[in-house]
Structures are given as structure tokens and as C-alpha cells.
Amino acid sequence: MKPRALAVAVALSGLLLGGCASPLANKTADAAAIHTIEQNARQARYNFDGEVRVKAIRLPAKLENVVAGDVIGEMARSFSLELRGAVDMSKSRVEMTPTFRFSRPNAETWLRLPMLAELNTLTLWVDASVLDLAIPALRGEHKGKYVMFQAPQDKARKLPIDAVLAELPQVAKNIYAAVDSKAYTFQPLDEAARKAGASYRIRLTLDPLAEAKMSKQAVQELLQLARRHAGEHQKEVEEFATAVGPLLDASQEELQTSSQTDLLVSRSGKLLGISELREFSLPKAKELAVTMASTVRLSNHEQPVFSMQPTVNNVVSFTELQPPSWLGGKRPSDDEEEAVEGDDEAPLDEAALAAEAAEEAAVAAPASKKPAKAAPKAKPVAKRKPKPVARAQ
């Protein structure tokens, strides 16, 4: 092969190999994790599905003497929260369908509430079919329609929502970058990672002190974001910032958390799934702890599929629905009762009031135009003197 042809072949090989190289190659575990989290927040177009359930419960010895711990544990593990939905931040839309489920060998019940949020217009659509027994309109004229909750649009347009959403990827990066780099480690691929098609498994381990530090960092980042876009509401933001610090400290004194989170990442740096164990404990009752296990799988990157498609014909505003009587709504008979009981209180036309007053005045007027003589005053009755009484001598 000629030297020139050889050089061209080497160059092409380098380009091909470079194109196939992973953006996470030669990165440390913390740098790889932070890069993945930031890119996932920046692109943010995918479907997701997952599950949250209780994995373990640790009870104080005094409580176990009263109630069998295994019974409480079995009962808690019978409940689960299933999640599925879609994210498309380019359109400011997030869809989520939570399903609350209770399942035993011969018993099962569940409750599902699909919802779709449009963040930049502060609009929420809810498939409230589960409430159709409580709201008659959802069984009648509005059957099968989404219920819409929407903030006043003239006020929503004044809020810098798009600007805030655009900065969230940087906020996420700053939060995870503030964590000690030693908290991140590469882990061998397990069955779940291989099934998801992951090339990397990055673990983030946080003890209660690290969790508390991360929570404070998240609050600080969000407050800085709020300050940048507060505009004329700087005073309210500062008042909130002053109040939130003590509230956060108090909550961490009452409840502590520790976590172990695995990020499943593709060769190209896409986040494919998250698996987490999180323990909640009470500092004042150290023997009491609950461990929650959650898994989330991401799919359809760049091409999310939404199941809810609100249109003019399949949406009803919440303000148009008549709430049930047990929520303060009126019963069908209430209008008739108010009409009967409130006749004397109903406002009358001003002309009718004037005509009625003139008619009453005409009836009350005397036939003669001469004024009636005043009745003579009664004369006072003279007091009689008592007669002398004869006394015996």
C-alpha cells in the first residue's frame, strides 16, 4: 500500500473509532454520573415506568411485643405505587399515571389517576374517571372527558417559567457536583443492568449527613434560581429564603434518610434506568426504620409517546363541574327550595318598588282635603279628699 493511501486509512480508522468512543470513557465515577444526570435533564424526552414499594421495616422491641413485626411487614409490602408516563421538556409537558395497588394472594384492588401537566402554562389535565361516582357530571354529559385545572393565564404569562425550566439542567449538575466524589463508584453490571442494555452501572451512596448536605445544596440552588428571576418579588423570595432554612433543619432533626442509588447508563451516556434503596429513620426512635425500594426504567429517548391527548372536545374545566353535596355543592332540589324560601328576599325592580309605594300612599290618603281636628285632651280628674272617720271616745 502506498504511504498516502496508508495515511488516509489510518485517519479514517481514527475517525471511526473516535465516533464509536463513549463520552464516559476515561471519566471518573463522579464525572460520569454528573455528565449523565446533566444530559438527561437537558434532553429530557423519554417515557418512563417504575415501581415503589416497602422492602423492609424495623420496629422497636416494645412495639414488636404488642404487634407481630412480620404481620406489619407483610401488610406494608402488600402496598405498592406503580408509575408510568412521559417527559418532553421541549414542549414543557410531563405525563404521569400513578397506580396505587394493594395485592395479596387472593385479593387485589387498585386506584389509577392519569394526569398531564403543561408547565409553562400552569395547566393540569386529570382523567378523573375514578371519581365519577362522586361527581355525577362525569357519568353524564362529561363522561370520558379530562378535567382541566388552569391558573389565570394573564398571571401565568408574567412568570418566567420558560427561563426557570431552561436553567434546571445546570441546577441538577450543581447539586450532584457538590457531593463528595468518593460517594460515586463504578459497579459490575448486574442482571438488571444487562437487561436494560447498560454499559455502565454507577452507584451513589449517601449517609444521613451526606443526604442532609445534598438537601441543603438543592435548596440553595433553587433559591438562587428564584432570586435571578424574582423581578419585583425579591422581597417575597428573601422572606421565603429566611424561613425555609429553619424548617429544613427541623425536618432533618425529625426524619433522617440514607440512600444507595444505581444509575444504569448506556455506552452513549444515556440514562436507561435508576434503582434505589432509601431508608427513613427517626432520630428520636432509632430502632424504627423503613426501607423503600424503587426502580425506574427509561425508554423511547427523543421520541416519547403520550397516552393523554387533550382537545377542545374531550376536556371540561373544573369550574364547570358541580361538586357533590358532600363537598359543598348544591343538590338538584336546592334551587327550588331557595326559590320558595327566598321569595321575600329576592331583589325587586326599582320601578316596581316606586309604583307599589305610590299605590300604598293613595290608599292611605283621606277623602277630605281638610285636615282632621285633633282630639281634645282629656281633663285631669280631681282627687277627692278622704272623709274624716269618726273615732270612738
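A residue is called buried when its relative accessible area is under 20%, exposed when that area is over 50%, and partly exposed in between. Because its relative accessibility is 36%, Val130 therefore counts as partly exposed. The model is predicted, and the points below take up the surface patch that includes Val130, then helix H9 and the strands that pair with S10.

**Surface patch**
- Val130 sits in the loop that lies between strand S6 (123–126) and strand S7 (146–150).
- Together with Phe100, Leu111 and Leu131, Val130 makes a nonpolar surface patch of about 340 Å².

**Helix H9**
- Helix H9, which covers residues 234–254 and has 21 residues, reaches 31 Å from its first C-alpha to its last, close to the 30 Å expected at 1.5 Å a residue.
- Val237, Ala241, Val244, Leu248 and Gln252 are buried in H9.
- An α-helix has 3.6 residues a turn, so residues three or four places apart point the same way.
- The cover over the buried residues of H9 includes helix H8 (208–228) and strand S10 (256–265).

**Strand S10 and its partners**
- Strand S10 is itself mostly covered, with eight of its 10 residues buried.
- Strand S9 (residues 200–206) runs antiparallel to S10 and is joined to S10 by seven bridges, and Leu206 has Ser259 in S10 as its bridge partner.
- Strand S11 (residues 271–282) also pairs with S10 in the antiparallel sense, over 10 bridges, and Leu263 stands opposite Ile274 in S11.
- S10 and S11 form a hairpin with five residues between them, and in the turn Gly269 has a positive phi of about 90°.

How values were computed: Residues are numbered from 1 along each chain as its sequence is written. This is a predicted model: local features need pLDDT of at least 70, side-chain atom pairs count only at pLDDT 80 or more; totals for chains, interfaces and linings use all residues. Side-chain values use heavy atoms; hydrogens and water are left out. Helices (H or I, at least four residues) and strands (E, at least two) are DSSP runs, numbered from the N terminus. The expected span of a helix is 1.5 Å times one less than its number of residues. Buried means under 20% relative accessible area, exposed over 50%, partly exposed in between (1.4 Å probe, protein chains only). Contact means heavy atoms within 4.5 Å. Patches are made of residues with over 30% relative accessible area and no salt bridge: like charges are joined within 9 Å, nonpolar side chains (Val, Leu, Ile, Met, Phe, Trp, Tyr) within 5 Å. Accessible areas come from the Shrake-Rupley method with a 1.4 Å probe; for residues, only the protein chains shown count as cover. A salt bridge is a side-chain nitrogen of Lys or Arg within 4 Å of a carboxyl oxygen of Asp or Glu. Two strands pair if DSSP finds at least two bridges between them.
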